[in-house]
Amino acid sequence: CGGLDESPAVLLLRSRDLFSLPFPLTVPVVTSLSLQASLRGWRFLLLPDAFPQPLRPPPSPHALWKSQSSREKRHRELMEKFGVKLEVLPDGRHRWHGCTKETPRCFGTVLAQTPQYLLAGRWTPPCCLRALRLTARHVLSELEAAGVRHWLEGGSLLGAVRLGDLIPWDYDVDVGFYREDAAKCRWLAAVAATGRPVEDPEGFFWEKAAEGEFYRVHFSRANRLHVDLWPFYRRDGGVMTKDTWLGHGQDVEFPESFLAPLGSVGFAGGVAKAPNDPRAFLEFKFGPGVVERPQYPNPGVRRLEQDLGRE
């Protein structure tokens, strides 16, 4: 639809339809109307022969540059106004408008396990999912290279078993590891020794979590999308436990037999270590049928059925 921007065009629609849109005359108009109409299932019929004569091209290279820069600026402003984070262009390329390593993430504090976008009836922005995947792959690679025994935990394992990827509304990644292996990873060892955060050469930010005895690896110093690293240890009776419990329903001790030996699952574009019977592990923690019955982290705040139109 952006191909018509800056070109004269004739759009025919009913006035009441036009002014029922939240941004009826936002520029660039054709792109703005196309995006809003597509969300309502409307279709445009383009009649090129009915268009007025196109505008003359800019008279000089500098004028052409100014025109293109102005058009791109208006386009970026429109994407920001509409909250569009990712465009898939006609040739298949991606144009990103969301968060990066240099910017904060796209949502604020998570309250009652519910991020702001869920309260607005949306799922995780695609730029945030991309950052979580990159952070997860980096952390898992570092742990694997260091010989730290680790596995996907909680909703991250659930997403891996259900989709081979992150759950579409998730806001972090959970990884368990053997506490006694922490010293093998230079970044964990540095944080444990000094108590101060460490930024690795690729810009990922390792620190001790403020909420308790576990670690957190952020996408960057500015962007706080993160992987939580939970140090487990074996207590009498062959049960795996840890020192910090945040009150989540699935946050329970479990038999070490799930980890001896470790297995693997596809996850976030790669392969991750996992309990040897992921489904049984998930049902032990969440309850029977959890793989087949998706739900949001805190259904008391918002339920998946609300956003799927099943209520």
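A residue is counted as buried when its relative accessible area is under 20%. In this predicted model, phenylalanine 177 has a relative accessible area of 0% and is therefore buried.

A search of the whole structure identified 14 aromatic pairs. One of these is formed by phenylalanine 107 and tyrosine 117, whose rings lie 5.1 Å apart centre to centre, with 85° between the planes, an edge-to-face arrangement. Distant parts of the chain are linked by this pair: phenylalanine 107 belongs to the loop between strand 2 (94-96) and helix 4 (116-119), whereas tyrosine 117 lies in helix 4, the two being ten residues apart. With a relative accessible area of 7%, phenylalanine 107 is buried; tyrosine 117, at 6% relative accessibility, likewise counts as buried.

Phenylalanine 177 and tyrosine 215 form an aromatic pair of tilted geometry, with a centre-to-centre distance of 6.4 Å and 50° between the planes. This pair also links distant parts of the chain, since phenylalanine 177 is located in strand 4 (residues 172-178) and tyrosine 215 in strand 7 (residues 215-218), 38 residues apart. The partner of phenylalanine 177 in this pair, tyrosine 215, is buried as well, with a relative accessible area of 14%.

A corresponding placement was found for lysine 101, which lies over the face of phenylalanine 204 at 3.6 Å from the ring centre.

Conventions:
Residues numbered from 1 in each chain as written. Predicted model: local features only at pLDDT ≥ 70, side-chain atom pairs only at ≥ 80, totals over all residues. Heavy atoms only, no water. Phe/Tyr/Trp six-rings, centres within 6.5 Å; stacked < 30°, edge-to-face > 60°. Helix = DSSP H or I, 4+ residues; strand = E, 2+ residues; numbered from the N terminus. Buried < 20%, exposed > 50% of the residue type's maximum accessible area, 1.4 Å probe, protein only. Lys NZ or Arg CZ within 6 Å of the ring centre and 35° of its normal.
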